[in-house]
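Let's walk through this model together, one piece at a time. Keep the sequence and the 3D view side by side as you read.

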Amino acid sequence: MNKPLHEQSLKELSDALQSKQISSTELTESYLNRIESYNDALNAYTHINKEITLAQAKAADKTIANGNGHILTGIPLGHKDIFCTTNMPTTCSSKMLENFHATYNATVIERTQGIGMPTLGKLNMDEFAMGSANENSAWGRVANPWNQNHCPGGSSGGSAAAVAARIAPAATGTDTGGSIRQPAAFTGITGIKPTYGRISRYGMIAFASSLDQAGPMTQSAYDAAMLLNTMCGQDPNDSTSSNIAVPDFTAGINDSIEGVKIGLPEEYFLKGLDPECDLKIQDAIKLLQKKGAKIIPIHLENLKYAIPTYYLLAPIECASNLARFDGVHYGYREENISNITDMYELSRENSFGDEVKRRILIGTFASSGSYSAEYYQKALQAKSVIRNDYRKAFSEVDVILTPTTTSTAFETANKALTPQEMYLSDIYTVTVNLAGLPAISIPVGFAKNGLPVGAQLISNRFCEDIILRIAHCFQSETGWHTQYSDDFK
Amino acid sequence: MSKLNTQDQQICEEIVTQIATLAKLRLTNEESEIYQAYFTELLTLFHELDTLDISYDLISDNTLLNADDCREDMPSTIDLSGIKNASPHFNEKTRYFDVPQFIEYDDE
């Protein structure tokens, strides 16, 4: 074996495990050692339990030895700390859920552990998945492996940093407005948000239920396809999970992209996009053209409504979802209180972070009194208008290519960015959630500051296969996705 | 909620306090001032939707393709064994969650 274990793809690790060149215990131990060496620099993991993880690896070895293994059995996985787990705490990176142990496993956890993928640990995130820099965590900020003075993006920043530093072979994330794709772009990894309904949300702590979706964060598109095969599928515990058949996402991934029509929306390449990012994306477009894709200019003219729409709908759902955290049934409860109002208000006030409180207040504000009729209904109409834009676009093209982010990763504690400016940086990702579409972010190069640049591929609902095929084609021709920082070698 | 109306482009302290009460959050005076300015700014952002053209028919996009596809509705026994881990306030004796008394009696 030439490559060290942590540089190997899921496919390579799977081959090594199935052919018994390595055991799951060896593989898992090697990752736990890397976590021990590098996690302090990144703060990617918030909870690890070697005993539990190694017991799961041992069980996976037995399964493989008995010939009952799945293709991913024995490969350890990091989980965003938003997924409920019974044997490790589930905190959503909030003081509100400090030491909270769920009474059941999320479906994503059941499915991955069910095929024998040991859990490496729980990964840091922006509190309750609200943020774009992973600076809103009660357990401290996460650093970007490429430059530790920069953020890894958010909210799945811990997952992105762990995969980018090769202290997890892959990880789970969630995406409500770009929380998988933006950190994937900022750290130079691959991250896919599948169609809304593809993956069960059962046991995934809700932020904005009509927009939240889980997905894999991996080194490559092929790895993402392998994980999607396990994570997707209808779940009787989530009535919004789709009953549409789940294909084998790896089956057609090597097919040619000759003749595939890729739309470039003019509105995504105007002012606001960093010229260096633009340049790298243009290079990627040229490569895809060389591989036979047809590039077609298109318009998504209602992009301008994306931010007000998202920042009305998401906080309104957030305020409703987070109302359950009142100190009664679980979570933080303020001590020494004499009445129920104090208990509610002080428990929430003293355990939620600033960004969570801000979004709860925006949501309560926008859904109160006549504001609700005036703004919420308008936002719902805008959501339909944005969906219609995409519907029209997909009658002309198969896939849409855009930048994932307006720039490379922000500097840590970038005081120059107000919350509104930070929200505006989500402009390229939020429409995908509003329309419920699948989208993938892949690394397409590095800017002069040494930070990765990401491109986003969007397809029609339940057509993840085509964006995976294009991403895999691109990654077969380039090596951006195989690079990781020298600091972690 | 008559005080909350969309014509108010300037958010007053009273509205912020009212919103915080609804959200079960307690704001300091300083925070309250920040949110006054913040909400006023947000209204400008929300008003960007005023130019939205909804004159044409919108096709509703039904996300729920399987709305009738619910799991079987079967009574089941709830396993309470893990709840003690989830909440230190669960009272095994009463099988309720303990909270401060919220009804005050005359003789107290």
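Which residue takes a positive phi just after α8(A)? That residue is A:Gly292, with a phi of about 105°. Before we go on, a word on the model: it is predicted, so to speak of local features we need pLDDT of at least 70, side-chain atom pairs count only at pLDDT 80 or more, and totals for chains, interfaces and linings use all residues. Residues are numbered from 1 along each chain as its sequence is written, while chains are lettered from A and ligands numbered from 1 in the order in which they are written.

Let's start with chain A as a whole. It has 15 helices and eleven strands; these are DSSP runs numbered from the N terminus, helices being H or I with at least four residues and strands E with at least two. The C-alpha trace of chain A spans about 65 × 55 × 45 Å along its principal axes.

Now back to helix α8(A), residues 275–290. Its 16 residues reach 23 Å from first C-alpha to last, close to the 22 Å expected at 1.5 Å a residue, where the expected span is 1.5 Å times one less than the number of residues. Buried in α8(A) are A:Cys277, A:Lys280, A:Ile281, A:Ala284 and A:Leu288. They cover an arc of only 95° around the axis, which puts them on the same side of α8(A); the arc is that of the directions from the helix axis to the C-beta atoms. On the face turned away from that side sit the exposed A:Pro275, A:Lys286, A:Gln289 and A:Lys290. The cover over the buried residues includes β7, β9, β10, β11 and α15 of chain A.

Strand β10(A) leads us to β5(A), residues 190–193. These two strands run antiparallel and are joined by three bridges, and strands pair if DSSP finds at least two bridges between them. Within β10(A), A:Ser441 is the bridge partner of A:Gly191. Two bridges also join β5(A) to β6(A), again antiparallel, with A:Thr190 opposite A:Thr218. Both faces of β5(A) are covered: A:Thr190 and A:Ile192 are buried on one side, A:Gly191 and A:Lys193 on the other.

Key
Buried ≥ 20, exposed ≤ 12 C-beta atoms within 10 Å, placed from the backbone. Contact = placed C-beta atoms within 7 Å.
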